[in-house]
Amino acid sequence: MQVRINKYISESGYCSRREADKYIEQGCVTIDGKVVEMGSQVSPGQVVRVFGEIIHGKAEPIIIAYNKPVGVVSTTDPAERDNVVNAIGHTERIFPIGRLDKDSQGLLLLTNEGDIVNKILRVNNNHDKEYFVTVDKAITADFVKRMQGGIPILGVVTRKCEITQKGPNSFTIVLRQGLNRQIRRMCEYLGYRVTKLQRTRIMHIHLGDLKIGQYRSLTPAESEALYKKIAGSVKTEEASTGKNKTAGKGRPKAPAAKYEATKGQPRSTQPKQSKERSASSSFKPAKQGGRNTSYKPKGKAQKHSR
């Protein structure tokens, strides 16, 4: 996909887009050795230089499917010896989408795109997650019925779910929420103990024949379908500020504090937002492309788990 040259340079972390425009006007930017003009496009594989220095564009999005073994912890915390980042050993900085508890195994998605994580993790997005479960004794019709109808755990009643018995003491379950150790707690409430729990599917992405401890990149078809499914999902930040609670009922009101700060002031003295900001104060350099061998997590790991 082609990208405008000023955007390509700014996303590389070299400088702001405004500064990139200035360098382009000065004739200091080349693509494959040719001086570019404003509005020029960069295609994959082309070499961009600014003042003779090669510029690497924004890192390509990464989404992988990983068959997590029992014992690996779904965290990026370097203090945890068995964290998922160490277990995978990927060359790029990636982090898990949600969690799969230490005693469970199966499908875990990891990415370098924070926006995807936010959208998938929102409980209200109703994304399917399927598990194969083995318990310590024979399953009864009452067990299946009660599990499907909802079980009181952690102060709430679980949402209705789909259960299909697979053997005397095994079943598959499809969840659309992510309470802490949810399946184990549901079974324990009914007097059963989970002996094996394996996640086999997240939305349309299946574990398939991926061996334990191995990972693969999503196929182009899987990635395209994923982006389409989460296109209308609510981001974490939007949900936390309540922007999605009154959908269709008008726009949210301006914050009262901001209004009070200017209330009663003459027009000429009311604070105005500057129309222009210097590149140095508004621009935050992005990471250079390539391998990252000194991974440092940004914050706490996601708390959704089973």
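Before anything else, a term: a residue is called buried when its relative accessible area is under 20%, exposed when that value is over 50%, and partly exposed in between. Please also bear in mind that this is a predicted model.

With that cut-off, 41% of the 306 residues of the protein count as buried. The secondary structure comprises 10 helices and 17 strands. The accessible surface amounts to about 18400 Å², and carbon and sulfur atoms account for 49% of that area. If we take contacts between residues at least 6 apart in sequence, 67% of them join residues at least 24 apart.

Let me turn to the salt bridges, of which the structure holds 11. In general terms, side chains of opposite charge can pair when their charged atoms come close. The pair I would draw to your attention is E130 with R201, whose closest N and O atoms are 2.9 Å apart.

A second pair is R181 with D103, with an N to O distance of 3.8 Å. Here too distant parts of the chain are linked: R181 sits in the loop between β14 and α6, D103 in the loop between β8 and β9, and the two are 78 residues apart. R181 is partly exposed, since its relative accessible area is 27%, and D103 is likewise partly exposed, at 43%.

K228 and E224 form a salt bridge with their closest N and O atoms 3.5 Å apart. They are four residues apart in helix α7, residues 220–229, and therefore about one helical turn separates them. K228 counts as exposed because its relative accessibility is 60%, while E224, at 47%, counts as partly exposed. Elsewhere, salt bridges with shared partners join D128, E130, E162, R176 and R201 into one network.

Strand β15, residues 194–202, also contains Q198. Q198 has 16% relative accessibility and so counts as buried. Leaving aside residues up to four places away in sequence, Q198 touches Q105, G106, E130, Y131, F132 and L207. One of these, E130, is the salt-bridge partner of R201.

Another buried position is V29, in strand β2, residues 29–31; its relative accessible area is 0%. The C-alpha atoms of V29 and V50 are separated by 4.6 Å, although the residues are 21 apart along the chain. Beyond its sequence neighbours up to four places away, V29 touches several residues, including I5, I9, Y23, V36 and V50.

Two backbone positions deserve a remark. Most residues other than glycine have a negative phi. Yet D32, which is not a glycine, has a positive phi of about 55°, and M203, also not a glycine, has a positive phi of about 55°. D32 lies in the loop between β2 and β3 and is partly exposed at 45%. M203 is placed in the loop between β15 and β16 and is buried, at 6%.

Finally, the surface: R4, K7, R17 and K58 form a positive patch. Of these, K7 lies in helix α1, residues 5–12, and is partly exposed at 34% relative accessibility.

How values were computed
Residues numbered from 1 in each chain as written. Predicted model: local features only at pLDDT ≥ 70, side-chain atom pairs only at ≥ 80, totals over all residues. Heavy atoms only, no water. Patch = residues over 30% accessible without salt bridge, like charges linked within 9 Å, V, L, I, M, F, W, Y side chains within 5 Å. Areas by Shrake-Rupley, 256 points an atom, 1.4 Å probe, with all protein chains shown as cover. Salt bridge = Lys/Arg side-chain N within 4 Å of Asp/Glu carboxyl O. Lys, Arg positive; Asp, Glu negative; His and termini not counted. Charge placed at Lys NZ, Arg CZ, Asp CG, Glu CD. Buried < 20%, exposed > 50% of the residue type's maximum accessible area, 1.4 Å probe, protein only. Contact = heavy atoms within 4.5 Å.
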